[in-house]
Amino acid sequence: MSFTPNQLATISLVLLALGLMIAAGALIAMELRRSRSGQVIGRALRRDTTTQINLTTPLEADAEPGAPLHADIELPFHWLDSRIGRALVADEDRRLIDRCGFASKRAQLIFLVTRLLLAFLLPVIIYVVCQIYLTERSIFVALVAAFVIGFMAPKWVLGRIAAGRRERIARELPLFIDLLKLLQGVGLSLDQSLQIMADDFSHVLRVLGYELTLANRQYSQGRTREHSLHRLATLHGSEDLRGLVSLLVQVDRHGGAVQEPLRIFGERLRERRRSEMKERIGKITVKMTAVMVVTLLPALVIVTAGPGFIAIFRALGATAQ
């Protein structure tokens, strides 16, 4: 039997989408098996408390806390280093993945596979669904739009996640300063305070606790405090966080009391947040004016002027009779 060009194109796209789905499924299954084996090894290592810690094992700067060290060996990371991989997962995308808290090459590889899968699968679905109702030119425009949406959708989702994490950092920063000031006040050193905050207060400092865990692991391997806190200061683009990290680095380098600088920094941060809240309230007042004009003014006119209009209509009706 013979196939038309449209049927051949449809079959090709469907086969390509199936191939990508099979590759993604195999990758996810491999990752699940490796994650389970890593968890078993991690539990065994935690039970053996008398085992000597191997300090010569390198720890990647972008490793996830609690992740097995050699869990990513068999994954095809060479895809990310190829020319196509660098074009599909640019440096901006990799920084965005780090801002979302997925600081590993595994996350970048999943992002690459997801972007390719959506970029090819979504046009196939649109073509199969809309080929009966649309003309050829409209189908071409729909396929291009579906390809762009499928290609950019993972980045848009990561952008929303990164924005949410940045807002959580702004909410957690005053609590972070208060806890650090409290721990410094009871006589703990800066290293002990940061370690306790990362271990015991991670349930309230979800984002900052995660970043502190990474920084403490790098510092325990011999890196300086300035280098270990560099990611925390620069990754999320927060000026307040950058200033706090600069203060901690200066205290760690030159020594001295940190309670008074932290108190001044916390007061300045709260004053800035108050001014921002006042600015937001002012903007909300202006926006609510339009809402009140659209919703409240018609109801107010009906309530106040309604009886007068009814009386006028009755008088006109009686005059006409």
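Which residues form a nonpolar patch on the surface, and how much accessible area do they have together? Select Ile 11, Val 14, Leu 15, Leu 18, Met 21, Ile 125, Val 128 and Val 129, which form this patch with about 660 Å² of accessible area together (Shrake-Rupley method, 1.4 Å probe, with only the protein chains shown as cover). Patch residues have over 30% relative accessible area and no salt bridge, and their nonpolar side chains are joined within 5 Å.

The model is predicted, so local features need pLDDT of at least 70 and side-chain atom pairs count only at pLDDT 80 or more, while totals for chains, interfaces and linings use all residues. Residues are numbered from 1 along each chain as its sequence is written, and side-chain values use heavy atoms, with hydrogens and water left out.

Next, select α1 (5-47) and α5 (105-130), the elements that give two or more residues to the patch (helices are DSSP runs of H or I, at least four residues, numbered from the N terminus). The most comes from α1, with 5 residues.

Now colour by pLDDT, the predictor's confidence in each residue, from 0 to 100. The protein chain averages 77, and 81% of the residues score at least 70, but over residues 49-73 the pLDDT is below 50.

Then turn to the largest nonpolar core, which has 30 residues, including Leu 173 and Phe 176 (buried Ala, Val, Leu, Ile, Met, Phe, Trp, Tyr and Cys joined through side-chain atoms within 4.5 Å; buried means under 20% relative accessible area). Apart from this core lies another, of 13 residues, among them Phe 77 and Phe 111.

Key:
Patches are made of residues with over 30% relative accessible area and no salt bridge: like charges are joined within 9 Å, nonpolar side chains (Val, Leu, Ile, Met, Phe, Trp, Tyr) within 5 Å. A salt bridge is a side-chain nitrogen of Lys or Arg within 4 Å of a carboxyl oxygen of Asp or Glu. Contact means heavy atoms within 4.5 Å. Buried means under 20% relative accessible area, exposed over 50%, partly exposed in between (1.4 Å probe, protein chains only).
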